[in-house]
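The sequence and the structure are shown first, and the description follows.

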Amino acid sequence: MSLSAAEDNSASEIHLPADIDWHMLDKSKFFFFGAALFSGVSAALYPIVVLKTRQQVLPTQISSLKLSLSIMNHEGVRGFYRGFGTSLMGTIPARALYMTALEITKSSVGTATVRLGCSDTTATAIANAAAGLSSAMAAQLVWTPIDVVSQRLMVQDCNASSIKSSKNMIPCSSPCRYMNGIDGFRKILNADGPRGLYRGFGISILTYAPSNAVWWASYSVAHRLVWGCIGCYANKKDENAVNGGGGCGYTPISKELVAVQGVCAAMASGVSAMITMPLDTIKTRLQVLDGEENGRTRPLTVMQTVKNLVKEGGFAACYRGLGPRWVSMAMSATTMITTYEFLKRLSAKNRESLTS
């Protein structure tokens, strides 16, 4: 795959490795190695997710550092991994759905947009956005119940241990105590039925589908811009070295490929986090908190959740946990995209199987 150094007629080109499409993958390797690799990524980033979740449900803003120290002092390292077993249980089927929908949509939409006469840049951005949208919607069928249970485990006993001030008490968190993820699933099903496990499913779709679409489209644009800048620099270097002669092209080494993927992933994460943060805060509160009516607890509505947030801190309250979320998204996206590209090359069929 060659990428022109810039939109003008630059003499230098970036020679990137060829893309690997869905039909080029050994599916058994793809899912087996994918489950192992992404489980490791989830374990590394889970403490940041716990911080973000607790910040979103607290009625007042607490810094990430102060909250981290409080969790460590009162709960130890285990406090950062509350609900991790439940989350990990959903990682394999959710990632399988996500990656399948992502690759199939990207291949089919990319081919269709090129046939319609779109430029490579436009076709790639549209295909990535559509792939991000469809993959997020597919994955939420598994992730929403997992989120509901794991997030309740994350904030369970939070009032009694890590948050001492009365004004920092979590308002109306679920009165049930869950021994583990399985116990959580059972008690939620008994209390609210299947609807209880899919609490916030609509807002989850509204959060993650646009977030993924924005992320993949932004990543595509950032990827092209960064390589364009590198190409321009390489072209000027060639001209200086050969008395003004044009360069014949530039082939990046593997470390440069990984570095550019990481930078582009972080840039895309910043854009996506800023746009979708309010929806993520509302989603988390819907899944974790309950309201009170006539002495009985019942799930909050979206409007009640928004009113409570505005009452607590205005529109800025919707951005509580933005720092951890951006860091989590950036780190997750960086490791995800580099792991994902490595996974695709690891799972690629050999040339004989491709041509047969």
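Arginine 54 is a buried residue, because its relative accessibility is 0%, and buried means under 20%. The model in which this value was computed is a predicted one.

**The partners of glutamate 75**

Although arginine 54 is buried, its side chain takes part in a salt bridge with glutamate 75, in which the closest N and O atoms are 2.9 Å apart. Glutamate 75 belongs to helix α2 (residues 64–75) and arginine 54 to helix α1 (residues 27–57), so this pair ties together parts that are 21 residues apart in sequence. Glutamate 75 is itself buried, with a relative accessible area of 15%. The side chain of glutamate 75 also meets that of arginine 82 in a salt bridge, with an N to O distance of 2.8 Å. Arginine 82, with a relative accessible area of 22%, is partly exposed.

**A link between α9 and α10**

Another salt bridge joins the side chains of glutamate 312 and arginine 285, at 2.8 Å from N to O. This pair links distant parts of the chain, since glutamate 312 lies in helix α10 (residues 302–313) and arginine 285 in helix α9 (residues 254–288), 27 residues apart. Glutamate 312 is partly exposed, with a relative accessible area of 28%, whereas arginine 285 counts as buried at 2% relative accessibility.

| Salt bridge | N to O distance |
|---|---|
| Glutamate 75 – arginine 54 | 2.9 Å |
| Glutamate 75 – arginine 82 | 2.8 Å |
| Glutamate 312 – arginine 285 | 2.8 Å |

A search of the whole structure finds nine salt bridges. Beyond the individual pairs, Lys52, Asp280 and Arg325 are linked in a network of salt bridges.

**The contact of α1 with α11**

How do the axes of α1 and α11 cross, and within what distance do they come? The axes of α1 and helix α11 (residues 322–346) cross at roughly 175° and come within 9 Å. Angles over 145 degrees count as roughly antiparallel, and α1 and α11 are therefore roughly antiparallel to each other. The residues of the contact of α1 with α11 comprise 16 nonpolar, six polar and four charged ones.

Conventions:
Residues numbered from 1 in each chain as written. Predicted model: local features only at pLDDT ≥ 70, side-chain atom pairs only at ≥ 80, totals over all residues. Heavy atoms only, no water. Salt bridge = Lys/Arg side-chain N within 4 Å of Asp/Glu carboxyl O. Helix = DSSP H or I, 4+ residues; strand = E, 2+ residues; numbered from the N terminus. Buried < 20%, exposed > 50% of the residue type's maximum accessible area, 1.4 Å probe, protein only. Axes fitted to C-alpha atoms, helices over the stretch in contact; angles between N-to-C directions. Parallel < 35°, antiparallel > 145°, perpendicular 65-115°, else oblique. Nonpolar A, V, L, I, M, F, W, Y, C, P; charged D, E, K, R; others polar.
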